[in-house]
Each structure stands twice: as C-alpha cells, then as structure tokens.
Amino acid sequence: MEQSTSFQRKDGAELFGSFHLGDAELVLPVAAVQEVVNYPEAVTQLPLSPSHLLGLFNLRGRLVPIVHLGQLLQVPTQGELRAAKIAIVELAKGCVGLLFDNTGEILRVHGEEKVMFAGHSSSLIGGVLKLDGGHRILQLLSVEALGNLADMPILKLDAHAADTSRLRAVRGRRRQSVSFRVGGSRLGLPMGAIHEIIRVPELLRSVLASELCLGMLNLRGDTLPVLDFARFLGLSPTSPGGFSPGDFDDPRRILVIKQGDICIGLLVDDVESIVGYHEEELLAIPSFQAQRAELFASCISKADGKQILLLDDAALVADPTLLDVTDGHRELYRTEDNAHGVQGKRRSGPRETYVTFRLDQLMGMRIEQLREVIDYPEDVMQPPGAPPFVRGILNLRRRLVTIVDLRALYGMAGYHDLAGAKVLVVENGEEKFGLVVDAIENIVTIDANDKLRVPSVLGNQIDHALRSDMKEVVELPDHRTLMLLDAEPLKARLAGERVH
C-alpha cells in the first residue's frame with residue numbers, strides 16, 4: 001500500500017480529479033494537481049530527450065516538461081495535441097505536466113471505494129476506484145511511481161528557488177549568445193564560445209569521415225573536422241536543400257568552436273541572431289536521465305513565447321564523441337604536416353571578431369560594439385519632428401531605443417519591405433540606437449594587420465556620412481571585400497543630433 005496524498009474530508013472521503021486518456025479514465029489525488037492548463041502555443045523540444053517528453057513550456061517564469069502519458073501507459077490518445085489538456089502535477093522531486101485528452105470531474109471517494117495494489121510500487125497504476133457500485137472503474141495513477149521513473153524529467157522546485165536567489169546576486173550582468181536552429185530546435189551558444197561563423201564551403205574529404213563527421217576544412221592554417229550538429233543531438237540530419245557549396249542563398253552555416261587545442265566546425269540549419277540577456281532572465285531546465293543532458297545549461301525565454309536552449313560550451317567541448325573526432329583529426333593531420341615540413345599560417349597581428357551584415361554591400365562591425373541583434377519590430381512609435389533617418393522609438397525591455405534607418409542616413413535607396421531586416425542594437429552611454437540593416441551574414445575573425453585603409457579615390461565616391469564611419473576594409477578568405485563600419489563616430493554623431 002502506498003501512502004495516499006489526497007485531501008481527507010471530515011466525513012472520511014478523499015478528493016480525486018479524473019482525466020480521460022483514449023478510452024481510459026484515470027484519476028489523480030487533487031492534492032497532487034496544482035492546476036490544469038491548455039496545451040501551450042509555444043513548446044520547446046529538448047534534443048536527446050526520451051520520446052515521451054514532448055517538450056518544455058514556460059508557465060509563469062518556470063519551464064515545465066510535458067510528458068506524453070499515453071506513451072508511458074501504451075494508451076492511444078484521441079484528437080490533436082492542441083486540443084489536449086496538461087495537468088501540472090507535483091511530485092516528490094518537483095513537477096511535470098501530464099498530457100490528457102480532456103478533464104473529467106472532481107470525485108469524493110470513500111475508503112471502501114478505493115482499492116490499492118500491493119507489491120507493485122513500480123507500476124504507474126497504483127490502484128483503482130470502484131464507483132457506482134462497481135459499475136464504473138477508474139485507474140488511479142501512482143504519483144510515487146511517476147516520480148521514480150528513471151527518465152522522468154523533473155524541475156526541482158528547491159533548485160529553482162536557489163538559482164533565482166543566486167541570479168539576484170549577479171543582477172545586471174549582461175551576456176550575449178548566438179542563436180541558431182538545428183532540426184527544428186532553437187539553440188544558443190555563448191558569444192565567447194564561437195570563434196567565427198562561415199558559409200558552407202566545399203569540404204575536404206577525410207579518412208575519418210562518418211555519418212556524424214561530414215569532412216574537414218582548412219581555415220587559415222587550421223585543419224578542423226565538420227560535424228553534422230543535428231545528428232550529434234539526435235535530430236534529423238541537416239539537409240543541403242539542393243544548395244551547392246558557397247551558395248549565397250544557402251541558409252546553413254558552420255559554427256567554428258575553438259578552445260585550447262580543440263577546433264571543430266558544427267553544421268547548423270541557420271543562424272538567427274545575437275541575443276542579449278541578463279543572467280536573472282534565464283530559466284532552469286528540468287533534469288532527466290538522458291545522453292548528453294549536461295549539454296543544456298539553461299533557457300532564454302523570449303517575449304514571443306519561444307525559448308532558446310542555451311548550450312554549455314564547456315560540456316560541449318568535453319563531450320567524448322566530439323573529443324574523439326577532434327583528437328583524431330588533430331593527430332592525423334599534425335603528423336602529415338610534420339612529415340611534409342608544413343607549418344600553419346603565422347598570425348602576425350591581434351585577432352579581431354566582426355559581425356558581418358548586408359547594407360547593399362558586405363559590411364562588418366566589431367562584435368564588442370554590439371549589444372544584440374533583433375528582428376525589425378512591428379511596434380515602433382513615430383515621434384513628431386524626428387529627422388528623416390529616424391524610423392521611430394522602440395521600448396525594448398523598458399529602455400527606449402531610437403531606430404535609425406542606415407539607408408536613409410547614408411543616402412542609399414530606401415526599403416521596399418522590412419520583413420527580413422535586422423536591427424543592430426548599440427549603446428552610447430545611457431542612450432541606445434537600433435541600426436537597421438538588410439540582413440545578418442556571419443561572424444568572422446580577422447588579423448588586424450590585414451586591414452587596409454579605404455583608398456581616397458574610392459572614399460571620394462562614398463556618401464560623406466558613410467565615409468566618416470567606414471575607413472577600413474579587409475579581404476576575406478573567400479576573396480570578398482568586407483567594409484568595416486566603426487560604430488563609435490556613428491554613435492557620437494547620432495547623439496549630437498539629439499534624435500530623441
């Protein structure tokens with residue numbers, strides 16, 4: 001007999017809530033059910049999770065896992081998931097959301113109507129309720145057995161409170177991450193973990209190639225393997241989509257991760273944006289027993305209801321599978337290079353990292369000059385009397401941001417459609433400016449000694465405002481010219497215009 005956790009009435013009756021799942025009617029103690037909610041609009045899939053975990057959703061600032069109870073009980077559900085109900089159930093170790101087809105009723109049950117199963121503590125069905133003289137049989141879910149399942153995702157309430165307390169202590173510390181998509185999941189890596197982001201070139205063949213390792217590339221003297229990151233995370237492999245290597249329309253990118261001796265490329269479906277966040281805005285991810293579960297550090301909750309799963313870069317580079325691939329390539333090609341007397345390219349100057357974007361031409365801005373990158377907002381306020389290059393004012397997390405149309409500022413042709421435009425958010429003291437650009441390209445790392453001054457002949461043909469902000473260019477390894485935009489004189493000029 002397991003201990004009952006239901007409400008005990010003065011008349012000896014206990015309260016249970018009933019739920020429908022397929023053709024079965026199940027009950028839970030009312031005391032164990034915190035609330036019942038509709039199936040959420042935004043559900044975040046967690047890679048490498050068990051099949052019965054449908055995903056995570058944000059319930060008032062807390063990530064709750066949704067468990068497909070029908071899979072655990074091998075009971076087919078009815079109807080669409082969107083029409084299902086989620087019972088938020090408190091277990092001994094935390095809480096989960098159990099998926100049902102729909103809710104039933106609240107039942108007052110007396111002792112003789114409840115039959116508990118003895119000696120089956122691991123069974124999800126802990127007993128039955130025999131109502132209406134035994135003509136109505138309801139299966140009683142065992143809260144204890146649910147909590148003891150080895151792969152049951154659990155959000156530990158005490159750990160959540162501890163994280164909240166710890167994060168309050170570091171309130172105000174701002175971080176940046178690069179968000180990207182892999183197999184339908186939105187993931188993020190800390191900005192400092194990414195060496196650069198490149199388009200998908202034609203990969204070199206590797207003797208260590210496999211379904212996971214697609215080949216290798218030579219990046220300015222570094223030979224690094226390229227992994228299909230979707231396969232690594234147990235998701236559908238990334239499809240080339242009919243694109244050829246280097247195709248401009250190919251949304252796929254390679255994230256180059258470099259830490260110490262580890263240098264590897266991760267193929268992803270596309271790179272979305274640069275996301276700024278404070279540590280107190282992070283949500284704890286429920287823990288569960290699964291392969292590589294330690295990869296997922298926390299979650300960034302966005303205003304649109306979608307979540308970005310933030311990866312732990314230290315756990316990523318320490319993963320045994322990743323280490324095997326990188327160590328194998330490093331040792332193999334280091335040996336070959338030594339045998340042929342080949343040395344890597346000497347880097348004679350400091351390395352600088354730029355975010356590249358389109359504004360008719362390919363341009364770049366130092367990554368430390370950026371706070372974040374956002375989609376062009378719909379809710380922009382139009383202030384009266386603003387200069388023609390000011391598109392409006394945006395309230396971004398209680399801070400006003402002046403949206404500046406760089407095309408108008410630099411005398412370029414205007415936008416026909418802003419649906420795909422991005423906004424680079426920069427700061428000038430207490431002021432924030434959002435610089436509208438056509439699209440975000442990549443993140444690249446260059447040698448500072450490779451930068452060239454813009455020739456005076458070319459400079460004289462550029463708009464005067466742009467000439468003040470862009471004084472250097474650099475040639476990229478793919479032979480494209482990157483125009484380097486300096487945000488400092490631009491911000492100073494915008495502040496002087498008193499565009500607010």
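**Close-ups of a predicted model**

View 1. Contact just means heavy atoms within 4.5 Å. This is a predicted model, where local features need pLDDT of at least 70, side-chain atom pairs count only at pLDDT 80 or more, and totals for chains, interfaces and linings use all residues. Residues are numbered from 1 along each chain as its sequence is written, and side-chain values use heavy atoms, with hydrogens and water left out.

View 2. Helix H3 (residues 157–169) has the lowest mean pLDDT among the elements of the protein chain, 47, while strand E30 (residues 431–437) has the highest, 94. Helices (H or I, at least four residues) and strands (E, at least two) are DSSP runs, numbered from the N terminus.

**View 3. Strand E15 beside strand E18.** E15 (residues 194–198) is mostly covered, with 5 of its 5 residues buried (under 20% relative accessible area, 1.4 Å probe, protein chains only). E15 pairs with E18 (residues 253–259) in the antiparallel sense over 4 bridges; pairing takes at least two bridges found by DSSP. Ile-194 has Ile-257 of E18 as its bridge partner.

**View 4. Gln-307 in strand E23.** Gln-307 sits in E23 (residues 307–311) and counts as buried because its relative accessibility is 2%. Leaving aside neighbours within four places in sequence, its contacts include Thr-44, Asn-58 and Arg-186.

How values were computed:
Buried < 20%, exposed > 50% of the residue type's maximum accessible area, 1.4 Å probe, protein only. pLDDT = per-residue confidence, 0-100.
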